[in-house]
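User: I want to learn how to read pockets, ring contacts and backbone angles in a model. Please take one feature at a time, with the general idea ahead of the case.

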Amino acid sequence: MFEVRIHGRGGQGVVTTAELLSVAAFAEGRQAQAFPTFGSERTGAPVVGFCRIADQPIRSHEPIAAPDAVIVQDATLIHQPDVLAGLRPDGFLLVNTSRSLTELGLDPAGRRVLTVPATELALTHLGRPLPGAVLLGAFAALTAQVRVESVVAAVQERFSGSVAAGNVAAIRDAYALARRSLEEAAHALTD
């Protein structure tokens with residue numbers, strides 16, 4: 001089972017992001033489960049979403065304490081104690097930011113870490129600061145748990161018209177950006 005925890009703020013689409021990821025996994029014939037947890041239900045309050053992906057039925061329904069991947073939709077949350085808590089030592093960390101790891105004060109410590117300016121991509125393609133679906137494009141490149149085409153299909157099933165088209169364009173840009181970043185990092189290791 002692959003477990004993902006998504007951190008963001010109310011109004012950023014954390015719940016939708018978890019749901020889209022689960023739909024993308026279903027599209028590939030896998031089992032998936034998505035659910036949120038809320039503190040106070042207001043715009044801007046911290047929100048956590050969870051998604052499990054597996055090749056067999058999922059029986060667990062509790063929040064994810066030891067995720068394989070953490071997606072951070074709002075970089076201002078990165079140093080909150082619960083955001084990186086339990087992330088596996090070899091886990092994946094995807095952060096919505098145009099800032100570097102050094103600027104964020106992050107040490108990858110063996111984790112596979114990627115930053116992507118998802119909000120900027122969303123603003124470019126959607127005209128709205130909704131980074132969730134965009135981050136799933138980068139997630140597909142970083143983890144290979146779902147294909148980018150499955151993420152696109154999930155978005156097209158959920159949205160229509162210019163909202164779907166804008167999300168799809170932003171997802172494809174995030175995927176390409178993530179692939180380039182990962183290739184550059186791999187190339188730097190071999191030099």
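Analyst: Start with residue classes: Ala, Val, Leu, Ile, Met, Phe, Trp, Tyr, Cys and Pro count as nonpolar, Asp, Glu, Lys and Arg as charged, and the others, Gly among them, as polar. This is a predicted model, in which local features need pLDDT of at least 70 and side-chain atom pairs count only at pLDDT 80 or more, while totals for chains, interfaces and linings use all residues. Residues are numbered from 1 along each chain as its sequence is written, and side-chain values use heavy atoms, with hydrogens and water left out.

User: Is Leu 126 buried, partly exposed or exposed?

Analyst: Buried means under 20% relative accessible area, exposed over 50%, and partly exposed in between (1.4 Å probe, protein chains only). Leu 126, in helix α3 (residues 118-126), has 23% and is therefore partly exposed. Its C-alpha atom is 8.0 Å from that of Ala 170, 44 residues apart along the chain.

User: What does the lining of the largest pocket contain, by class?

Analyst: The largest pocket holds about 320 Å³ of space. Its lining has 18 residues, with Val 113, Leu 114, Thr 115, Leu 182 and Ala 185 closest to the centre. β6 (112-116) and α6 (161-190) are the elements that give two or more residues to this lining, and β6 gives the most, with five. By class, the lining has 10 nonpolar, five polar and three charged residues. Arg 180 is also placed in helix α6; its relative accessibility is 45%, so Arg 180 counts as partly exposed.

User: How many aromatic pairs does a search of the whole structure find?

Analyst: Rings of Phe, Tyr and Trp (its six-membered ring) pair if their centres lie within 6.5 Å; planes under 30 degrees apart are stacked, over 60 edge-to-face, and the rest tilted. The search finds three pairs. One of them joins Phe 2 and Phe 139 edge-to-face, at 6.3 Å centre to centre and 65° between the planes. This pair links distant parts of the chain, from strand β1 (residues 2-9) to helix α4 (residues 132-143), 137 residues apart. Phe 2 and Phe 139 are both buried. Ring pairs also bring in Phe 92, giving a cluster of Phe 2, Phe 92 and Phe 139.

User: Which residue lies over the face of Phe 92?

Analyst: A charge sits over a ring if NZ of Lys or CZ of Arg is within 6 Å of the ring centre and within 35 degrees of the ring normal. Arg 112 lies over the face of Phe 92, at 3.9 Å from the ring centre.

User: Which residue has a positive phi although it is not a glycine?

Analyst: Most residues other than glycine have a negative phi. Ala 144 has a positive phi of about 60°. Ala 144 lies in the loop between α4 and α5 (148-158), and with a relative accessible area of 62% this residue is exposed.

User: Where is Leu 93, and is Leu 93 buried or exposed?

Analyst: Leu 93 is in strand β5 and, at 4% relative accessibility, counts as buried. Thr 97, in the loop between β5 (92-96) and α2 (101-104), is buried too, at 8%.

Conventions
Helices (H or I, at least four residues) and strands (E, at least two) are DSSP runs, numbered from the N terminus. On a 1 Å grid over the protein atoms alone, a cavity is a set of points where a 1.4 Å probe fits but cannot get out, and a pocket is an open set with protein on both sides within 12 Å along at least five of seven lines; lining residues have an atom within 4 Å of a point. Grid points are joined across faces, edges and corners, and a volume is the space filled by probe spheres set on the points.
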